[in-house]
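Hi,

Have a look at it first, and then read on.

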Amino acid sequence: MTVDIPCIGMVSLVNMHATAGGVTHPENPGVDTDREDELRQAIECLSPKRNEMDVGTYAGGIIVGDLNCGPEASPGNYEYVILNGFRDAYTEAEAAGGLLEGPEYSWDPTNYLNKIGPHAECPGQRCDHVFVQRDCLLDEWKAHSAQLVFAEQFVDIKHKDGVKSTLSDHHGLVVELRRPKKSDSAST
């Protein structure tokens with residue numbers, strides 16, 4: 001999807017859910033290969049936009065979603081996105097002191113939905129992301145804050161008296177991007 005955002009320009013968004021592994025371990029080399037292919041397709045989806053649009057109106061692209069990779073799990077897939085021209089808005093907000101209160105990981109093995117699944121023994125992971133394209137107009141926009149949300153267990157599980165769950169097996173991720181004021185960027 002491409003959106004014309006006033007004061008920014010045309011921004012293309014890719015929302016995706018990369019392969020998790022199914023009944024295979026999520027860091028199985030075959031799964032990592034499949035996931036890298038999916039990430040490559042997302043990156044390529046945004047690359048032609050840069051060439052198709054007027055350079056003055058195309059601001060860049062953003063990849064969001066459950067990518068089933070991160071610093072803790074399948075780090076090669078995570079690095080693939082970084083090395084192919086994207087920055088991790090969560091780590092950017094963290095470096096700026098902008099992490100808001102919330103869970104540490106977007107995939108938590110103590111979540112009821114994960115405790116009953118095939119990956120219950122996996123450690124907590126930050127595998128849901130907002131990746132912002134580098135070397136384009138979006139470079140002016142920095143991650144001001146990031147927060148993992150929807151960690152509350154309030155959904156009743158049918159046939160399980162008193163058991164409640166979160167909305168999903170992953171927590172949501174909210175990132176606020178801001179363009180620094182001219183006076184801010186001049187002093188740094």
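A residue counts as buried when its relative accessible area is under 20%. Please keep in mind that this is a predicted model. With that cut-off, S74 is buried, because its relative accessibility is 2%. You will find S74 in the loop between β3 (58–66) and α2 (75–83). What does its side chain meet there? The S74 side chain makes a polar contact with the side chain of R35, at 3.0 Å. S74 and Q125 are 51 residues apart along the chain, and 9.9 Å separates their C-alpha atoms.

The next residue I would like you to look at is D128, in strand β5, which covers residues 128–133. D128 is buried and yet has no salt bridge. How far away is the nearest side chain of opposite charge? That side chain belongs to R126, and the distance is 8.7 Å. Leaving aside residues up to four places away in sequence, D128 touches G65, D66, S106, H170, H171 and L173.

Now for the nonpolar parts. The largest nonpolar core has 17 residues, and M16, L39, I63, L67, F86 and F131 are the ones with the most contacts inside it. Two or more residues of this core come from each of β2 (9–17), α1 (29–52), β3 and α2. A second, separate core has 15 residues, among them Y90, V132, W141 and L148.

Finally, the chain as a whole. Its secondary structure amounts to five helices and nine strands, and from the N terminus on the order is β-β-α-β-α-β-α-α-β-β-β-β-β-α. Of the 188 residues in the chain, 40% are buried. Among contacts with a separation of 6 or more, 72% are between residues 24 or more positions apart. The accessible surface of the chain is about 10,400 Å², and carbon and sulfur atoms account for 54% of that.

Definitions and conventions:
Residues numbered from 1 in each chain as written. Predicted model: local features only at pLDDT ≥ 70, side-chain atom pairs only at ≥ 80, totals over all residues. Heavy atoms only, no water. Helix = DSSP H or I, 4+ residues; strand = E, 2+ residues; numbered from the N terminus. Buried < 20%, exposed > 50% of the residue type's maximum accessible area, 1.4 Å probe, protein only. Polar contact = N/O pair within 3.5 Å; in protein donor to acceptor, adjacent residues only side chain to side chain. Lys, Arg positive; Asp, Glu negative; His and termini not counted. Salt bridge = Lys/Arg side-chain N within 4 Å of Asp/Glu carboxyl O. Contact = heavy atoms within 4.5 Å. Areas by Shrake-Rupley, 256 points an atom, 1.4 Å probe, with all protein chains shown as cover. Core = buried A, V, L, I, M, F, W, Y, C linked by side-chain atoms within 4.5 Å.
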